[in-house]
Amino acid sequence: MTINNLKDIINIVMSNAGLQAIGNISESTSLRTDLGFDSLKLAELTVRIEDQFGVDIFSEGIVDRVEEILNTVNSGK
Amino acid sequence: MENRILLFDQKTRFSLLDLEKSLSTESFYYPVYQTNDLTDLILNLIKALHTNNEVCLVDPHFTLEEVKNCGLEVSLNKKVEIDFNFQKAEIILSNLPLALSEITIFTSGTTGIPKKITHHANKLLKTLKTTDEMSSKVWGMTYNPTHMAGLQVIFQALCSRSTLVNLYLFKEKEKIFKAIEDYGINMISATPTFYRMLMPTNYTNDNVKQVTLGGERSDLHLINRLKQIFKNARVRNIYATTESGSLFSAENDIFTVSSDKSNDIKIVNKELFLKAYLLGYSTDIELQDSWYKTGDVVEVISENPLQFRFVSRISSIINVGGNKVDPFEVEEAIREIPGIKESRVFAKKNSVTGNLVCCDIIIDGSTELNEKHIIQFLQDKIANYKIPRIIKFVESIEVTRTGKIKRN
């Protein structure tokens with residue numbers, strides 16, 4: 001998973017919630033602090049990532065930063 | 001005497017004379033029977049009831065593993081010799097409600113191991129109408145014949161010597177409407193899901209006299225739409241369970257409990273309980289002080305007389321981070337959106353909120369719709385946590401073996 005793949009999925013969640021798409025994210029972007037994700041948006045994000053990449057990003061605890069999500073997906077946990 | 005056709009099934013037909021011929025040339029039946037052929041299933045049922053023998057029906061969709069879990073005491077599809085006391089077919093059929101047979105069926109097994117329930121034939125058949133007028137009826141059979149609703153329709157048709165037309169395997173609405181016309185079907189019984197798949201349509205019909213809905217929650221919108229399509233039909237909504245058979249019937253979505261049944265049901269924490277004596281026999285049913293917990297959530301409309309509306313199955317309720325979501329309520333809200341033909345709301349597990357509400361949607365092609373349109377429409381209609389987060393546009397909705405919307 002690339003950072004752009006993740007950005008695209010985040011933007012689907014943002015768009016469905018009626019929010020403005022984000023232009024850029026960096027490895028240190030926090031889903032909750034920077035993007036304001038609540039538990040429902042996090043749940044939607046995790047289901048969408050699992051559908052596409054087969055990895056449950058929260059299976060071993062809550063991750064929050066973009067870097068943590070990419071590491072979890074790319075290590076196939 | 002007229003050689004009435006008892007069953008039209010695809011290209012085959014089975015008449016009163018065929019029944020007499022079978023009973024005069026064959027001397028066996030199957031006590032435990034699994035078949036895909038409706039004619040064979042019906043003939044076997046008649047043989048068993050005519051000779052007061054027990055019969056067990058196994059759903060042809062059951063896997064080998066499920067059959068193994070059914071706890072069968074006799075081998076599947078093993079012939080047993082019996083002697084038929086030959087009589088005219090009309091007499092055999094009119095005597096069916098007096099049969100001392102036991103009929104064993106299974107729950108559909110969609111939520112676990114199939115439960116085995118044994119009913120006394122005479123108790124199951126005692127409420128059927130067998131007037132002469134009923135013999136002119138032609139029934140559209142849409143149900144799986146090995147479950148309660150299907151059996152009810154089969155027995156209703158047989159006991160009143162009317163005609164059955166098997167529509168169970170028909171998937172396209174045009175074929176169903178054509179069969180209704182071609183065979184002169186005037187009685188239809190089906191799940192709300194079956195009827196919803198007939199919409200939208202410009203089809204109308206003056207010939208159908210009765211339209212029955214059962215097995216799932218019905219809504220007023222669907223009931224009213226059916227009244228527009230089948231202009232001369234009486235629309236009946238049935239509450240029935242595999243364990244008890246048919247219990248209540250209503251003209252709309254509100255069931256009224258008659259005074260003679262008022263001591264036989266109670267509602268605790270919105271769940272419907274039935275007195276044990278209303279049920280068939282089963283070692284798989286757990287009772288609480290002679291009450292059976294149906295697993296059905298109901299809404300009480302009035303206390304005296306007791307009136308209720310069926311809301312949902314407890315097992316269908318989706319828990320999203322501690323908030324309870326009734327998938328039927330969400331589906332009803334989705335159906336309000338122009339351009340939606342049918343929807344299926346279900347849960348997807350996740351590690352954040354436990355479950356997330358998702359849905360599959362069939363559109364009718366009249367309007368351009370995407371995920372965002374649907375979510376935004378629902379924002380004014382239902383609570384945020386009830387709104388499906390992942391929406392897929394599909395060609396067909398997954399249904400269970402008994403024709404209900406699949407939830408898991």
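This is a short chat about a predicted model.

User: What kind of model is this, and what counts in it?
Analyst: It is a predicted model; local features need pLDDT of at least 70, side-chain atom pairs count only at pLDDT 80 or more, and totals for chains, interfaces and linings use all residues. Residues are numbered from 1 along each chain as its sequence is written, while chains are lettered from A and ligands numbered from 1 in the order in which they are written.

User: What pLDDT does chain B average?
Analyst: Chain B averages 91, and 99% of its residues score at least 70. pLDDT is the predictor's confidence in each residue, from 0 to 100.

User: And what ipTM does the complex get?
Analyst: The predictor gives an ipTM of 0.91, with a pTM of 0.84.

User: Switching to chain A. How many residues are in helix 1?
Analyst: Helix 1 of chain A has 14, residues 3–16. Helices (H or I, at least four residues) and strands (E, at least two) are DSSP runs, numbered from the N terminus.

User: Which residues of helix 1 of chain A are buried?
Analyst: Leu6(A), Ile9(A), Ile10(A), Val13(A) and Asn16(A). Buried means 20 or more other C-beta atoms within 10 Å of a residue's own, with C-beta atoms placed from the backbone; exposed means 12 or fewer, and partly exposed is in between.

User: What covers them?
Analyst: The cover includes helix 2 (39–53) and helix 3 (66–74) of chain A, plus helix 11 (371–379) of chain B. Contact here means C-beta atoms, placed from the backbone, within 7 Å.

User: What comes just after helix 1 of chain A?
Analyst: Gly18(A), which takes a positive phi of about 80°.

User: Now chain B. Which strands form the open sheet with mixed pairing?
Analyst: Three strands, in the order 23-24-25. Strand 23 (340–350) and strand 25 (390–393) of chain B are the edges, each pairing on one side only. Two strands pair if DSSP finds at least two bridges between them.

User: How many bridges join strand 23 of chain B to strand 24?
Analyst: Ten, and the two strands run antiparallel. Glu342(B) stands opposite Ile362(B) in strand 24 of chain B.

User: Which strands of chain B form a hairpin?
Analyst: Strand 19 and strand 20 of chain B, with four residues between them. They pair in the antiparallel sense over six bridges. Val297(B) has Ser312(B) as its bridge partner in strand 20 of chain B.

Methods: The expected span of a helix is 1.5 Å times one less than its number of residues. Two residues are in contact if their C-beta atoms, placed from the backbone, lie within 7 Å.
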